[in-house]
Amino acid sequence: MRKFQRVNQPAFLVDRWEAWGVDWERRRSKNPSAKFNWPQFKGKPLNELLLPPLKEQTQEHCSFCDSFPVSPPSDDTIEHFRPKSSFPREACRWENLYFCCRHCQRKFEEFDEALLRPDADDYDFDQYFRWDYTQGTIEINEHASVENRNYSASWGARASRPHPSASRRRNFPIHLNSYGKSKAGGSDHPALPT
Ligand SMILES: [Zn+2]
């Protein structure tokens, strides 16, 4: 789970996300089994409009497991960090939305406010995870403090995928390099096997 910096929300969302959340909350309270539908804006569903800027800020990598490319296109999904069932008002809140692959979209654990967010100011990859250069996977950092290992274990099922694609492995050095820019000496990573 690579750290990223969240960009500003699209202008059309600023004045609307709260009202859309209230609408969804109302629908849900009337009918607890109501299905969430993205609201429409100018004739387009909101998720279609939000995917491009959400993908751009992670360079089209999944926000959680880092998989790239996330394909086929139908696998592009938007994850609600705070679940839209329990936090209906945040269903369209920019800071609650993450570009995510279908693997990570599956629910692995109960929602917990302490779950790691890749765009949190105090999130530091090395405190929780390590790259496995031979497999092209992200693993739990066994040298981390017990508390941090517990946090990363809660993301383990998301952060690590059993069969990284060849394209992901090819992109790994590029990814590492961009990650290393923010860290002293971060660019001298060993090369990946091809
Ligand atoms: Zn993923």
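Modeller: Asp119 counts as partly exposed because 16 other C-beta atoms lie within 10 Å, where buried stands for 20 or more other C-beta atoms within 10 Å of a residue's own, exposed for 12 or fewer, and partly exposed for anything in between, with the C-beta atoms placed from the backbone. The model is predicted, so local features need a pLDDT of at least 70 and side-chain atom pairs count only at pLDDT 80 or more, while totals for chains, interfaces and linings use all residues. Residues are numbered from 1 along each chain as its sequence is written.

Asp119 belongs to the loop between helix 4 (102-105) and helix 5 (125-128); helices here are DSSP runs of H or I with at least four residues, strands are runs of E with at least two, and both are numbered from the N terminus. Once its neighbours within four places in sequence are left aside, Asp119 is in contact with Phe4, Gln5 and Arg6, contact being defined as C-beta atoms, placed from the backbone, that lie within 7 Å. Asp119 and Thr58 are 61 residues apart in sequence, yet their C-alpha atoms are 9.8 Å apart in space.

Arg6, one of those contacts of Asp119, lies in the segment before helix 1 (11-14). Arg6 is also partly exposed, because 17 other C-beta atoms are found within 10 Å. Not counting residues up to four places away in sequence, Arg6 touches Gln57 and Glu95 as well as Asp119. The C-alpha atoms of Arg6 and Glu56 are separated by 9.9 Å, although the two residues are 50 apart along the chain.

Gln59 is found in the loop between helix 3 (46-57) and strand 3 (77-80), and Gln59 is partly exposed because 14 other C-beta atoms lie within 10 Å. Its phi is positive, at about 50°, although Gln59 is not a glycine. Most residues other than glycine have a negative phi. Lys42, in the loop between strand 1 (40-41) and strand 2 (44-45), likewise has a positive phi, near 50°, but Lys42 counts as exposed because it has 6 C-beta neighbours inside 10 Å.

Trp17, Trp20, Gly21 and Trp24 are buried in helix 2. Seen down the helix axis, the buried residues of helix 2 fall within an arc of 100°, so they line one face, the arc being that of the directions from the axis to the C-beta atoms. These buried residues pack against helix 1, whereas the face turned away from them carries the exposed residues Ala19, Arg26, Ser29 and Lys30.

Looking at the chain as a whole, there are seven helices and six strands, and 26% of the 194 residues count as buried. Among contacts with a separation of 6 or more, 65% join residues 24 or more positions apart.

Conventions
Two residues are in contact if their C-beta atoms, placed from the backbone, lie within 7 Å.
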